[in-house]
Amino acid sequence: MLSTNNTYYSLSVTIFLLLTFIFPSQGQLSSTFYSTTCSNVSSIVRNSVQQALTSDSRIAASLIRLHFHDCFVNGCDASILLDEGGNITQSEKNAAPNFNSVRGFDVVDSIKSTLESSCPGVVSCADILALAAESSVSLSGGPSWNVLVGRRDGVTANQGGANTSLPSPFENLQNVSSKFSAVGLDTTDLVALSGAHTFGRSQCQFFSQRLFNFNGTGSPDPTLNSTYLATLQKNCPQNGNGATLNNLDPSTPDTFDNNYFTNLLISQGLLQTDQELFSTDGSSTISIVNNFANNQSAFFEAFAQSMINMGNISPLTGTQGQIRTDCKKVNAS
């Protein structure tokens, strides 16, 4: 026969388990978070991205970049979408890595508008970014994955953090690795997520330092393929237009595949941070690049997992933050 203390203990455990089932712990994202509150959220996002792709072949890469640049600053809280105004005195949009570079805000606003009509006040802007990134990849020939959702939106922006936390295309591999490590991402995440440069474009200003006077040497970056170098020098002449666009992947610029990695093997990485993954002597990234270059399935699997890992960077959940009705501004501001 149970003692009174044992009976009390058993009852307490039972109640605890019931409460845990009814009120799941905060901080846990789930692929089924909207199953009863907005069951068509994924199809709404996917259809919107597909529609945007019909008129803008760059938009898929731009949307995944938005998600990346959001998660590395304050976590995945849609702070990158906030305009200046109200309590937002400095927008992340105006930080150096984002100004006149990050794009796709109009597509996010369109998705949000459709969702507000279908499921008002339910889906966060942070989750829209995560879902749009997955749609962008899968619609472009890449892998699909079950996006974990349940994030809420931040009410502050961090322009200073955007200036310091986001990897720069001019940095060496050690610095970039440190920035990934600072948000809990490892070397495989670094290489896999860099593979998003298998589609999209980059402006001359982000790599022109490699073309003529690399690190003050008076010569081009020696890791650049000579034929590729000549093409880039023609596209981006000295004192030319720094905003001129160039394909990140010269072979299949709008398709999500593993050609980014095969390009690195022949010294055709566009950005310094791209090529250093393969050209930095002794780096643990070299074997990963080789694996992904020779096995697209391995890359796709790792990329999907790394996107989930990145999407888990410090999300706001439960009663934290808010569900913005307009992604550009904090509610009641």
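Biologist: What radius of gyration does the chain have, and what would a compact globule of 333 residues have?

Modeller: The radius of gyration is taken over C-alpha atoms, and the globule rule is 2.2 Å times the number of residues to the power 0.38. For 333 residues that rule puts a compact globule near 20 Å, and the chain, at 22 Å, agrees. Along the principal axes, the C-alpha trace spans about 85 × 45 × 35 Å. Please keep in mind that this is a predicted model, in which local features need pLDDT of at least 70 and side-chain atom pairs count only at pLDDT 80 or more, while totals for chains, interfaces and linings use all residues. Residues are numbered from 1 along each chain as its sequence is written, and side-chain values use heavy atoms, with hydrogens and water left out.

Biologist: How many helices and strands are there in the chain?

Modeller: Both are DSSP runs numbered from the N terminus, helices being H or I with at least four residues and strands being E with at least two. The chain has 13 helices and two strands.

Biologist: Which residues touch the most other members of the largest nonpolar core?

Modeller: In soluble globular proteins, nonpolar side chains tend to be buried together. A nonpolar core is a set of buried Ala, Val, Leu, Ile, Met, Phe, Trp, Tyr and Cys residues joined through side-chain atoms within 4.5 Å, where buried means under 20% relative accessible area, exposed over 50% and partly exposed in between, with a 1.4 Å probe and protein chains only. Here the largest core holds 73 residues, and those touching the most other members are Leu66, Leu81, Leu115, Phe261, Phe292, Phe303 and Met310. Helix α5 (residues 125–139) supplies the largest share of this core, nine residues. Another core, of 12 residues, lies apart from it and includes Phe207, Leu232, Leu270 and Leu271. Over the whole chain, 47% of the 333 residues count as buried.

Biologist: What is Met310 in contact with, beyond its neighbours within four places in sequence?

Modeller: Contact means heavy atoms within 4.5 Å. By that criterion, Met310 meets His67, Phe68, Cys71, Phe72, Cys76, Leu185 and Leu193. For the chain, 75% of the contacts with a separation of 6 or more join residues 24 or more positions apart.

Biologist: Where does Asn74 lie, and what is its phi?

Modeller: Asn74 sits in the loop between α3 (59–71) and α4 (105–118), and has a positive phi of about 65° although it is not a glycine. With 34% relative accessibility, Asn74 counts as partly exposed. Ser267, in the loop between α10 (259–265) and α11 (272–279), also has a positive phi, near 60°, and counts as partly exposed at 23% relative accessibility.
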